[in-house]
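This briefing covers the salt bridges of one protein model. Please have the sequence and the structure open while reading.

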Amino acid sequence: MSVQLKDDLNFRLRSKKALKNKEGTDGWFLGVYDDGLISNGGNKTDKTVWVLKSVQSSFNIISKDGNYCLGIDDGLNMITNADPNGNGLFIFDWQPNNRVCIQSVFHASKKNRTGKFGPHLGVDPQGGLIGNAGTGEWGQWDIVPVSEGGTTTTVSHSSPDTSTKSTPTPSNNNNNNNNNKQTIVPSAHPSIKLLTDFAKHRELWGEQFYVEQKFTKTVDAKLKFMVRLPNLNVKKWSVMACAPPSPLQTQMIKKATLTVYDNTGNNEISKGQVMQAGSHYVIRAMAKGIPKQHKIYAHYDIEADLYSISLKKIVAGQFMPMVQPLNPQERAYYLQTTNFINYNQPQFQQWIRDNQLHPMLLTDNSVESVLCYAYRVFLFIKLHFDYVLAKDVLSGRKATDTIAAKKSDCGGFSILYSSILRMHGIPTRILIGRWALSGTAEKQKVHVVGEFYVDGCGWVPFDPACAITADKTEPFTKFFAQNSGEFITMHVETGIHGIDNGVESKHQSIDFLQSICYWVDGEGNFNNQESESLWTVTPQEK
């Protein structure tokens, strides 16, 4: 029979089959006796019974009494007080001889005693417990399920039955020796090993590339906005939207206007003017309040040419396009820490170390290329974080907030990704705007993506949120190094500072400006205020 992995599976781990254990029966079983972990426990006691718990793409191994969690510490030693969400996470890898290797997820980027990546639980020839075993005999185990009565069942994995939930690893169908090898991970993520498949990373991103820009379409985009303040007699309105940056490699803005109308929506009362706000530009429209009119409409219109971006390999003998390098001021700007990109915080830097998210020294003594490293970080976020809607981001979008919550929205993930890369000297820029697709009152099509800079190549797109929600196929590159040309950037980088709204003497700041905002001077209160927005995008006919 084969093992069906599921929550609450009770089993024993046998390292040696023929040797007598401490109880005098056959087989050495991993167990906890008198608070100490031993390799030669017996098979007649609950002290050697473990319980499986699935955690996303990996598993915890918990003692039956619930007091111990197997793990591997930073020194690659086997421990029983592991963090279930950290160094107590494992994947199970079947070997051709029908035994299993148990690899640490947390330390997957570290080398085991054989010099290969991926430390495993193991037992040395003297019976010593180790956390740096390879996939040889020292790191191999028999999984022995335990029935409710406490008896064990012999398991063979050479002919898996159709009820098994284990997921096969990719193999060459012409290699009969590998046909039975399986990696036991939940079917939702059979891809955790891709994270440390450095040969695959190099195959994908180890060459020289250039950025290919292609025109996709010209669009007319309009954001219609209405606000009603029934309990306030407005003397002055200040209405504002972003002046979209242009040119970017993904867009060329032909026109951007902001117009304010009276309470009928038909009579224009103000036209916006472009003004600087710190390192950004905004469009501000000032309007006098009209007596007994508590409502205004505003139209934010953008006409833009949009472009898709992808990376193309440079083949031998091909001319390599010239790339304008960043000047020192630009590089410093796109490497800086901000209120959100707070990679200078000690807890963030420790998290980077704990998860081995530095560029790696590879076995041939080369260092990961920028593209390979950026791809590995992108995979890490996809495989280890959950996407939630903006309304459910309760702890904030700082990088330190996201690593603590292990979930965020598009803004939070773009900030986290930027923080990791900037910490390692790779410039990034966050693009804040909307999809170039019409929305509804409920779905406004707001989104945040980004780009990182590779010397000699240029700005490379990334969209980790869409990778989490919409890319289900390995090697998960649909939203890495590609931009579909269906996005309008309203401003680059979070935090528009130094806003003169014409109403208050103190300048204002806004973190994300993807909509129309307003300020008023008047008498009354904001009780019972109402507002509506609708985003429409119309492609121009050729």
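The model is predicted. Its salt bridges number 21 in total. Side chains of opposite charge can pair when their charged atoms come close.

**Arg99 and Asp142**
- Arg99 pairs with Asp142 in a salt bridge, and their closest N and O atoms are 3.2 Å apart.
- The two residues are 43 residues apart and link distant parts of the chain: Arg99 sits in the loop between strand S8 (90-94) and strand S9 (100-104), while Asp142 belongs to strand S12 (residues 142-145).
- Both Arg99 and Asp142 are buried.
- A network of salt bridges links Arg14, Arg99 and Asp142.

**Glu530 and Arg228**
- Glu530 forms a salt bridge with Arg228, with 3.2 Å between the closest N and O atoms.
- Because Glu530 lies in strand S32 (residues 530-539) and Arg228 in strand S15 (residues 209-228), this pair ties together parts that are 302 residues apart in sequence.
- Glu530 has a relative accessible area of 40% and is therefore partly exposed.
- Arg228 is also partly exposed, at 32% relative accessibility.

**Lys391 and Asp392**
- A salt bridge joins Lys391 to Asp392, the closest N and O atoms being 3.3 Å apart.
- Lys391 has a relative accessible area of 62%, so Lys391 counts as exposed, since the cut-off for exposed is over 50%.
- Asp392 has 32% relative accessibility and counts as partly exposed.

Key:
Residues numbered from 1 in each chain as written. Predicted model: local features only at pLDDT ≥ 70, side-chain atom pairs only at ≥ 80, totals over all residues. Heavy atoms only, no water. Salt bridge = Lys/Arg side-chain N within 4 Å of Asp/Glu carboxyl O. Helix = DSSP H or I, 4+ residues; strand = E, 2+ residues; numbered from the N terminus. Buried < 20%, exposed > 50% of the residue type's maximum accessible area, 1.4 Å probe, protein only.
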